[in-house]
Each structure stands twice: as C-alpha cells, then as structure tokens.
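Subject: Structure handover

Dear colleague,

Please find below the structure I said I would pass on. My notes on it follow directly after.

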Amino acid sequence: MLRQRAVQQSIRRLAAANLSTFNKTTSLAQLAPPVAIATGRHTQIRQAATQPTSPSDAYSILASQRLHRPVSPHLKIYRPQITWLLSGLNRITGSILSGGFYIFGAAYLVSPLFGWHLDTATLAAGFASWPLAAQLAAKMAVAFPFTFHGWNGIRHLIWDVGAALNNQQVIRTGWVVVGLTVVSSLALALL
C-alpha cells in the first residue's frame, strides 16, 4: 500500500513538473520508484522524547487528554428517521411481549400454590368490571405491541428474501407497517 502511494505521488510530481513532456503512453514500469522506497530507507525519522512517569501521573495525563477529545455524536443531534425508530420499537415490543408472556405464564403456573385466582373466568369477570375507557386502554396496550411486532416481522421476512431493500422502499414499508399497526390494533381493541 505504501509503495503504491509513493509511486502515485511520484507520477503526480512528474506530471506536474513536466506536463508538456509527459507522454500519456508512458507506462508505470518505465517510471522509477522513489529513492526512499527503492533503497529501503525512511525519508523522515523523528526521535520521540520520553521521560519516566509514575502510573498515577500517567493516568492524570491521560485524563487531561480525554477532556480535549471530541465527544461522539448522540441520538439528540440526528433527525429521527422512520428506519431507526421502527428498529428500536421492534426490539422494545419484542421485549414487552416476551417478558409479558413469561411473567404471566410463570404467575399462572404458581397461582395454585399461592391461592391466586388467575383462571379464565376470574380474569374475565375482573376485566368486565373495569370502566370502558380502562378496558379500551388495556386492550390497546396489549394489541399495539402484538400487531406492530407481527407486521414488522413480516417486513423483515420480506427483507430476508432480498426484496424492498432500497431506501425508498424501506421508508415506504415502514410507514405501511405503522398504518397497519394502528388500524389492526384499533380493530382488536374495539372487539
């Protein structure tokens, strides 16, 4: 890599110096490599001045150098895009769904040991006693992550077969997933 770069720089210098005499039919093999590469010598050698330091001094020097380093950009400086919003939401809904199923499944299994009544009739009677707004909110809280994760999973399966992978199609399918999620979660909540 270094040799190629040195040869390119030599060609550029030669072309700039003798633009009128440089023939475009001259091959790279006819050009001599730079003297530093041909002889194996380095063109510039810098001696580093060092001094012994204790580990605590070395750490304080490092800490002071870190204060002058640039900070890596964070999410707050970027304009939100549908692609990374849906990617994060897909992971969040997956965690909510799997965590909810595991917690409820474990509670259902141990409920007889603790005297909890988690059978279907008790849950249905308790849910029916809630106000209508609370029922709708609870249904939406369950339906939204379920439908979003399902529709976005279908979107990922489409990507897995190699379809709809350019930027415009990814953005369009993202908005389609959002629309289908809203419609289907409302439909499930209103049942």
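Along the sequence, the protein chain follows the pattern α-α-α-α-α-α-α. The protein chain has 7 helices and 0 strands; helices (H or I, at least four residues) and strands (E, at least two) are DSSP runs, numbered from the N terminus. This is a predicted model, in which local features need pLDDT of at least 70 and side-chain atom pairs count only at pLDDT 80 or more, while totals for chains, interfaces and linings use all residues. Residues are numbered from 1 along each chain as its sequence is written, and side-chain values use heavy atoms, with hydrogens and water left out.

Of the 191 residues of the protein chain, 15% count as buried. Buried means under 20% relative accessible area, exposed over 50%, and partly exposed in between (1.4 Å probe, protein chains only). Among contacts (heavy atoms within 4.5 Å) between residues at least 6 apart in sequence, 64% join residues at least 24 apart.

Helix packing

Axes here are lines fitted to C-alpha atoms, for helices over the stretch in contact, and angles run from 0 to 180 degrees between N-to-C directions. A crossing is left-handed if the near helix is turned anticlockwise from the far one by less than a right angle, and right-handed if clockwise.

Helix H6 (residues 132-160) and helix H7 (residues 167-189) have axes that come within 8 Å and cross at roughly 145°. The crossing of H6 past H7 is right-handed. On the H6 side the contact residues include Leu136, Met140, Phe144, Phe148, Trp151 and Trp159, and on the H7 side they include Val170, Gly174, Val177, Leu180 and Leu188. By class, this contact of H6 with H7 has 13 nonpolar, 7 polar and 2 charged residues; Ala, Val, Leu, Ile, Met, Phe, Trp, Tyr, Cys and Pro count as nonpolar, Asp, Glu, Lys and Arg as charged, and the others, Gly among them, as polar.

Helix H4 (residues 82-114) packs with H6 at an angle of about 125°, the axes being 9 Å apart. That angle makes H4 oblique to H6; angles under 35 degrees count as roughly parallel, over 145 as roughly antiparallel, 65 to 115 as roughly perpendicular and the rest as oblique. H4 passes H6 in a left-handed crossing. Leu86, Leu89, Asn90, Thr93, Gly94, Ile96 and Leu97 of H4 make the contact with Phe144, Pro145, Phe146, Phe148, His149, Asn152, Arg155 and His156 of H6. The classes in the contact of H4 with H6 are 8 nonpolar, 6 polar and 1 charged.

For H4 and H7, the axes come within 9 Å and cross at roughly 45°, so H4 is oblique to H7 as well. H4 passes H7 in a left-handed crossing. Ile82, Thr83 and Leu86 in H4 meet Val170, Ile171, Gly174, Trp175 and Val178 in H7. That contact of H4 with H7 has 6 nonpolar, 2 polar and no charged residues.

Aromatic pairs

A search of the whole structure finds 4 aromatic pairs. Rings of Phe, Tyr and Trp (its six-membered ring) pair if their centres lie within 6.5 Å; planes under 30 degrees apart count as stacked, over 60 as edge-to-face and the rest as tilted.

One of the pairs is Phe114 with Trp116, which is stacked because the ring centres are 5.2 Å apart and the planes lie at 25°. Phe114 is exposed, at a relative accessible area of 55%, and Trp116 is partly exposed at 45%.

Phe144 and Phe148 form another stacked pair, 6.2 Å centre to centre with 15° between the planes. Both lie in helix H6, 4 residues apart, about one turn of the helix. Phe144 is partly exposed at 31% relative accessibility, whereas Phe148 is buried at 1%.

Ala164 sits in the loop between H6 and H7. Ala164 has a positive phi of about 55° although it is not a glycine. Most residues other than glycine have a negative phi. With 19% relative accessibility, Ala164 counts as buried.

Leu191 lies in the segment after H7 and is exposed, with a relative accessible area of 75%.

Regards
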